[in-house]
Amino acid sequence: GSAGSGGYNVGGGGGGGSGGDGGLGLVVDTAVATITNAQGGSVSGGNGGNGGAGDGVALAGGAVGNGGSGGRGGVGLSLSGAGLSLVNAGSITGGNGGTGGSSTDAAAGAAGAGGEGIVASGASRIVSSGTISGGLSGDGVTRANAISFSGGNASLTLQTGSVLNGQVVALGSGNTLNLPGRGREDEAMS
C-alpha cells in the first residue's frame with residue numbers, strides 16, 4: 001500500500017474471482033452424420049459460475065476491489081462438420097450465465113452471458129418439432145440466441161410444435177427457413 005497522510009498504510013481491497021464457464025452439452029465435430037434428440041430427450045449446456053465478492057475500498061483516485069465477473073453459460077449443442085443433420089423432438093438448452101459478484105465500495109462484477117442453444121457451422125440441417133432455447137444471462141433478463149449458424153448454406157425446418165426461445169442468427173449466404181407445419185408465430189418473428 002501507499003503511505004497515508006498520518007503515516008498509516010492504505011491497502012487496496014481484493015477483487016472477487018471470476019466464475020468459471022459452463023461446459024458444452026454435446027459436441028459433434030464429424031462430417032456427414034445425423035443426430036436425433038427424441039421426444040423427451042434433453043441436451044443442456046452447463047451454467048456459468050457466479051463471480052466472487054470483492055472486498056472493495058473507496059480511495060481518492062477511485063475504488064478498488066471490484067466483484068468478479070460471472071462465467072458464461074455453455075452451449076447446448078455444437079455442430080461443427082460438413083453435412084451434419086439434427087432432428088430434434090426434445091429439448092436443447094444453453095446454460096445460464098453466472099451472476100456478477102458484489103463488492104463493498106466498488107463496482108459489482110459483470111453478469112456472464114447465457115450460452116446459445118445450438119451453434120452450427122458448415123452446411124448444417126436442423127429439423128425441429130421440439131424446443132430450442134438460449135440460456136439467460138446472469139442478469140436474469142438477456143437471452144442468448146436459440147440458434148447461431150455460420151458458414152452459409154444452412155437449413156432450418158420448424159415443424160408443428162416447435163418452440164424457439166431466443167433469436168436465430170444465420171451468417172453467410174444460401175441459408176433457408178422452412179415452415180411446413182401448422183401453428184402461429186409470435187410478434188418476435190421477423
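**View 1. Five strands form an open sheet in the order S4-S7-S10-S13-S16, with parallel pairing.** Strand S4 (34-37) and strand S16 (176-178) stand at the edges. Each has a single partner strand, so one side of each is left without a neighbour in the sheet. The twist averages 10 degrees from one strand to the next. Those angles run from 0 to 180 degrees between N-to-C directions, and the axes are lines fitted to C-alpha atoms, for helices over the stretch in contact. Strands here are DSSP runs (E, at least two residues), as are helices (H or I, at least four), numbered from the N terminus. Two strands pair if DSSP finds at least two bridges between them. Strands of a sheet pair through backbone hydrogen bonds, either parallel or antiparallel.

The model is predicted: local features need pLDDT of at least 70, side-chain atom pairs count only at pLDDT 80 or more, and totals for chains, interfaces and linings use all residues. Residues are numbered from 1 along each chain as its sequence is written, and side-chain values use heavy atoms, with hydrogens and water left out.

**View 2. The whole chain has 16 strands and 0 helices.** Of its 190 residues, 36% count as buried. Buried means under 20% relative accessible area, exposed means over 50%, and partly exposed lies in between (1.4 Å probe, protein chains only). The accessible surface of the chain comes to about 9,500 Å². Carbon and sulfur atoms hold 49% of that surface. These areas come from the Shrake-Rupley method with a 1.4 Å probe; for residues, only the protein chains shown count as cover. Take the contacts in the chain with a separation of 6 or more: residues 24 or more positions apart account for 68% of them. Contact means heavy atoms within 4.5 Å.

**View 3. Strand S4 shows alternating side chains.** Ile35 and Asn37 point to one face and are buried. S4 pairs with S7 in the parallel sense over 4 bridges. In this pairing, Asn37 stands opposite Asn88 in S7.

**View 4. Asn88 sits in strand S7 (residues 85-88).** Asn88 is buried, with a relative accessible area of 1%. Its side chain joins that of Ser128 in a polar contact of 3.2 Å. A polar contact is a pair of N or O atoms within 3.5 Å; within protein, one must be able to donate a hydrogen and the other to accept it, and residues adjacent in sequence count only if both atoms are side-chain atoms. Not counting residues up to four places away in sequence, Asn88 touches residues including Asn37, Val127, Ser128 and Gly130. S7 also pairs with strand S10 (residues 125-128), in the parallel sense over 4 bridges. There, the bridge partner of Val87 is Val127 in S10.

**View 5. Thr157 lies in strand S13.** At 12% relative accessibility, Thr157 counts as buried. The side chains of Thr157 and Asn178 make a polar contact of 3.1 Å. Leaving out residues up to four places away in sequence, Thr157 touches Ile126, Val127, Ser128, Asn178 and Pro180.

**View 6. The largest nonpolar core has 18 residues.** Such a core is a set of buried Ala, Val, Leu, Ile, Met, Phe, Trp, Tyr and Cys residues joined through side-chain atoms within 4.5 Å. Among the residues with the most contacts inside it are Leu77, Ile118, Ile147 and Phe149. Strand S6 (77-80), S9, S12 and strand S13 (155-158) each supply at least two residues of this core. In soluble globular proteins, nonpolar side chains tend to be buried together. Leu77 touches Leu26, Val28 and Ile118, among others, not counting residues up to four places away in sequence.

**View 7. Strand S12 (residues 147-150) pairs in the parallel sense with strand S9 (residues 118-121), over 4 bridges.** Ile118 stands opposite Ile147 in S12. S12 also runs parallel to strand S15 (residues 168-170), joined by 3 bridges. Phe149 stands opposite Ala170 in S15.

**View 8. Two glycines lie in loops, Gly70 between strand S5 (42-44) and S6, and Gly40 between S4 and S5.** Gly70 is buried, with a relative accessible area of 13%. Gly40 counts as exposed, at 74% relative accessibility. The C-alpha atoms of Gly70 and Gly19 are separated by 4.8 Å, although these residues are 51 apart along the chain. Gly70 touches residues including Gly19, Gly49, Thr99 and Ala110, not counting residues up to four places away in sequence. Gly40 and Gly130 are 90 residues apart along the chain, with 9.2 Å between their C-alpha atoms.
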